[in-house]
Amino acid sequence: MFKGLTDYLDSIIARDPATKNRFEVILCYPCVHAIFFHRIAHFFYKKGIILISRIISQLSRFLTGIEIHPGAQIGKRLFIDHGMGVVIGETAEIGNDVTIYQEVTLGGTGKDVGKRHPTIGNNVVIASGAKVLGPFKVGDNSKIGAGSVVLREVPPNCTVVGVPGRVVIKDNVRVDSKEEVTADLDQVRLPDPIAWELECLRKRITKLEEELIYREGKDKNEVI
């Protein structure tokens, strides 16, 4: 148990350059406190003692700003950076070594019963403000860009950005150009699918304008 705790603390230190030591992580990181409360709440939830589990999860939400339903299944070494505004739904499943930033939602899209929240694979990064909504899987080693809204399954080793979310990098290669790119989630230089569409429209309009000018000049016997 002690080894598991030290491994968890060390994994946070490895992912957050602002961290200096294990004591700082234990005392100052809300994700550690939220996971501690969730383990207790999940224990009661599995025993069918729902009210107690919900009370514990609400207490955790009040203290940490992180809302994790006691029914959610969370793997090892989850790191929720900053944490404020994170919401994880009842049927969500999270794998090992996942990193989640502030204001992320792992939610549903309606009032369906049963599995209605996403399954997050191992070593996934979900950046600030992203919303992953629905009962689908985000594959291992994938990354969700800041502010993205993901509504369908994400294959392994992909980067998704945009609203709605689109795969822009797969297996370390940009989907549109086959240009090799870094696999890390660079939240500043992520490809922008909306910008690509606008650029395509701009080029198309320019071509149509040139064609129109040519036809008008030809009809008037003018040299273009």
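The model is predicted: local features need pLDDT of at least 70, side-chain atom pairs count only at pLDDT 80 or more, and totals for chains, interfaces and linings use all residues. Residues are numbered from 1 along each chain as its sequence is written, and side-chain values use heavy atoms, leaving out hydrogens and water.

**Exercise 1.** Find where T91 sits, and decide whether T91 is buried or exposed.

*Solution.* Start with the loop between strand 4 (87–88) and strand 5 (93–94); T91 is there. Strands are DSSP runs of E, at least two residues, and helices are runs of H or I, at least four, numbered from the N terminus. Next, take the relative accessible area of T91, 17%. Buried means under 20%, exposed over 50%, and partly exposed in between (1.4 Å probe, protein chains only). So T91 is buried.

**Exercise 2.** Classify the aromatic pair of Y29 and F79.

*Solution.* The structure holds three aromatic pairs. In this one, the ring centres are 6.4 Å apart and the planes meet at 35°. Rings of Phe, Tyr and Trp (its six-membered ring) pair if their centres lie within 6.5 Å; planes under 30 degrees apart are stacked, over 60 edge-to-face, the rest tilted. The pair is therefore tilted. Y29 lies in the loop between helix 2 (22–28) and helix 3 (30–46), F79 in strand 3 (residues 79–80), 50 residues apart. Both are buried.
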